[in-house]
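Here is a friendly walk through a protein model. Have the viewer open and follow along.

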Amino acid sequence: VVKITFIFYCSVYLRANIILIACYLRFPEIKEKYNRRVKNQGLTEEKVIEKLRGYQYNNFEEVDNLFSTLIGVKIPDYTKLNTAYKKRNDIAHRYHFSIDGGVVEITRKQLEDHVRNTNNFVYDLFDKVIEKVYQSQ
């Protein structure tokens with residue numbers, strides 16, 4: 001279960017990360033917006049990409065802010081992902097205990113639902129980015 005929850009975490013992180021970096025590299029207007037947003041003063045492209053990779057993509061408010069500011073899209077509803085992350089953290093970091101000491105279990109169905117919700121979130125986000133950025137070119 002821990003391996004699967006780790007994969008679940010990496011799935012959202014890597015996909016959101018890749019979408020943002022690809023848009024930064026491909027579209028000059030997004031690069032310009034990002035550089036203004038972080039008050040880029042002489043950072044190399046490599047350093048900017050390093051910075052983009054360093055964002056906490058499980059901080060959905062920050063991710064929403066990034067995607068809204070840079071790309072002009074609102075990320076999909078992340079309520080289910082937030083719930084899954086809390087459970088994942090209880091399993092991966094607290095050895096199946098909640099922050100208040102209760103035992104945390106996950107059924108196969110719950111895990112499958114988390115994976116499905118993660119995929120739906122990423123696909124919805126990707127569709128929004130394609131519609132906004134790629135099709136406007």
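## Ground rules

This is a predicted model, in which local features need pLDDT of at least 70 and side-chain atom pairs count only at pLDDT 80 or more, while totals for chains, interfaces and linings use all residues. Residues are numbered from 1 along each chain as its sequence is written, and side-chain values use heavy atoms, with hydrogens and water left out.

## Overall fold

The protein has 6 helices and 0 strands, and along the sequence the pattern reads α-α-α-α-α-α. Helices (H or I, at least four residues) and strands (E, at least two) are DSSP runs, numbered from the N terminus.

Of the 137 residues, 36% count as buried. Buried means under 20% relative accessible area, exposed means over 50%, and partly exposed is in between, using a 1.4 Å probe and protein chains only. Among contacts (heavy atoms within 4.5 Å) between residues at least 6 apart in sequence, 66% join residues at least 24 apart.

## The nonpolar core

The largest nonpolar core contains 29 residues, and those with the most contacts inside it are L20, Y34, L52, F67, I71, L125 and V129. Contributions of at least two residues each come from α1 (2-26), α2 (28-37), α3 (45-54), α4 (60-70), α5 (79-94) and α6 (108-134). Helix α1 gives the most, with 6 residues. A nonpolar core here is a set of buried Ala, Val, Leu, Ile, Met, Phe, Trp, Tyr and Cys residues joined through side-chain atoms within 4.5 Å.

Not counting residues up to four places away in sequence, L52 touches N17, L20, I21, Y24, Y34 and Y57. With neighbours within four places set aside, N17 is in contact with L52, R53 and Y57.

Two packed helices are described by the angle between their axes and the distance between the axes. Axes are lines fitted to C-alpha atoms, for helices over the stretch in contact, and angles run from 0 to 180 degrees between N-to-C directions. Angles under 35 degrees count as roughly parallel, over 145 as roughly antiparallel, 65 to 115 as roughly perpendicular and the rest as oblique.

Helices α2 and α3 pack at about 75°, with axes 12 Å apart, so α2 and α3 are roughly perpendicular to each other. In this pair, K31, Y34 and N35 of α2 meet E45, V48, K51 and L52 of α3. By class, the α2 contact with α3 has 3 nonpolar, 1 polar and 3 charged residues. For these classes, Ala, Val, Leu, Ile, Met, Phe, Trp, Tyr, Cys and Pro count as nonpolar, Asp, Glu, Lys and Arg as charged, and the others, Gly among them, as polar.

The axes of α2 and α4 come within 9 Å and cross at roughly 125°, which makes α2 oblique to α4. Here I30, K33, Y34 and R37 in α2 meet E62, N65, L66, T69 and L70 in α4. The α2 contact with α4 has 4 nonpolar, 2 polar and 3 charged residues.

## Helices α5 and α6

What angle do α5 and α6 make where they pack? The angle is about 135°, and the axes are 10 Å apart. That makes α5 oblique to α6. On the contact itself, K80, L81, A84 and K87 in α5 meet Q110, H114, N117, T118 and F121 in α6. By class, this α5 contact with α6 has 3 nonpolar, 4 polar and 2 charged residues.

Is D64 buried or exposed? D64, found in helix α4, counts as buried because its relative accessibility is 12%. Leaving aside neighbours within four places in sequence, D64 is in contact with V73, K74 and I75.

Helix α5 holds both T79 and I91. T79 is partly exposed, with a relative accessible area of 48%, whereas I91 is buried at 2%. T79 and N117 are 38 residues apart in sequence, with 10.0 Å between them in space, C-alpha to C-alpha. For I91 and V104, 13 residues apart along the chain, the C-alpha atoms are separated by 6.9 Å.
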